[in-house]
Structure formats: structure tokens, C-alpha cells
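Have a look at the sequence and the fold, and then we'll go through a few spots together.

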Amino acid sequence: MAKTNTKSGTKPANTKKQKEELDIKVRINSLRNDDTHIKGYASANIGGAFAVHNISIIEGKNGLFMSMPQRSYQDENGEKKYADIFHAVTKEAYDALNGKVMEAYKEAQSQSEAQTAADEQDFEEISDEDEGLEPSM
């Protein structure tokens with residue numbers, strides 16, 4: 001007889017399926033170039049079934065990491081606390097999502113830097129061309 005979860009009445013998840021790689025697609029919504037510790041925001045689509053928005057990409061003491069969307073509340077001592085709205089249940093799931101977010105962030109950052117360099121080059125070329133022009137009237 002198969003065991004069931006007494007809360008939901010469902011069978012436990014197939015452990016073979018849990019070890020399969022998650023299908024995760026990540027989009028970087030914005031990059032930040034200011035002096036804050038937040039470097040950008042991402043959204044993730046997990047398995048075509050779940051969407052997670054407002055994933056923060058944060059520069060910490062030990063490098064970049066993702067922070068899941070959170071809500072704030074006050075505990076019984078009146079201190080402000082935070083709780084994730086969405087989070088990975090296993091380390092493997094967290095690592096898979098974090099890896100995809102960091103990969104997408106680095107790609108977006110590279111594209112942004114390349115675009116900035118191209119824009120600067122275009123500006124320099126336009127400025128050089130304008131030097132020989134005299135106003136006509």
C-alpha cells in the first residue's frame with residue numbers, strides 16, 4: 001500500500017523525478033548601475049508552470065547572490081523581519097535557480113557594457129565629423 005501525505009492525501013513525489021534538471025528560464029528585467037547593493041531584478045519561469053517576479057540580484061560581502069521576493073512584517077518584539085514569498089524547497093532547486101539567474105545577469109551585464117561601448121564610439125565618431133562643419137545662415 002502506497003503512503004500518502006495526510007495533509008493533502010497525495011502520494012509522495014517520485015524521487016527520480018526530483019533529480020531531473022528543472023526547466024528554468026530567466027529574464028533580467030532591469031540592471032542598476034548606482035552605488036546600492038541591488039544590481040538588478042529578474043523574473044523566472046519554472047517548468048512552464050510557475051512564474052516568480054522581483055528576484056533581486058544583490059552584491060554581498062561574498063559576491064553576487066539572488067534574493068527571492070519578500071514581504072516584511074513586525075515580530076512580537078516590534079522588530080522588522082522579512083519572509084520570502086517564494087522559495088526553493090531543496091538546495092538543489094535553489095542552486096539551479098540561482099545558477100540560471102546569475103548566468104542571465106552576467107549575460108545582460110555583458111550586453112549592457114557592449115551597448116554602452118558602442119554608444120560611446122558612435123558619439124565620438126559624430127563629434128569628430130561635426131568639427132569641420134560651420135553653421136549655415
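Predicted model: local features only at pLDDT ≥ 70, side-chain atom pairs only at ≥ 80, totals over all residues.

Residues are numbered from 1 along each chain as its sequence is written, and side-chain values use heavy atoms, with hydrogens and water left out.

Let's start with charge. Side chains of opposite charge can pair when their charged atoms come close. Search the whole structure and you'll find three salt bridges, the term being used for a side-chain nitrogen of Lys or Arg within 4 Å of a carboxyl oxygen of Asp or Glu.

One of them joins lysine 91 and aspartate 95, with the closest N and O atoms 2.7 Å apart. Both sit in helix 2 (residues 91–130), and because they are four residues apart there, about one helical turn separates them. Helices here are DSSP runs of H or I with at least four residues, strands are runs of E with at least two, and both are numbered from the N terminus. Lysine 91 is exposed at 56% relative accessibility, while aspartate 95 is partly exposed at 37%. As for those words, buried means under 20% relative accessible area, exposed means over 50%, and partly exposed is in between (1.4 Å probe, protein chains only).

Next comes the bridge between arginine 32 and aspartate 34, whose closest N and O atoms are 2.9 Å apart. Arginine 32 is partly exposed at 27%, and aspartate 34 is partly exposed at 35%. Then there's lysine 25, whose side chain meets that of aspartate 23 at 3.1 Å, N to O. Lysine 25 is exposed, at 51%, and aspartate 23 is partly exposed, at 43%.

Now over to strand 3, which covers residues 50–60 and holds serine 56. Is serine 56 buried or exposed? Its relative accessible area is 12%, so serine 56 counts as buried. Leaving aside residues up to four places away in sequence, serine 56 touches Gly40, Tyr41, Phe65, Met66 and Ser67, where a contact means heavy atoms within 4.5 Å.

Asparagine 54 is also found in strand 3, but at 51% relative accessibility this residue is exposed. Most residues other than glycine have a negative phi. Asparagine 54 has a positive one, near 65 degrees.
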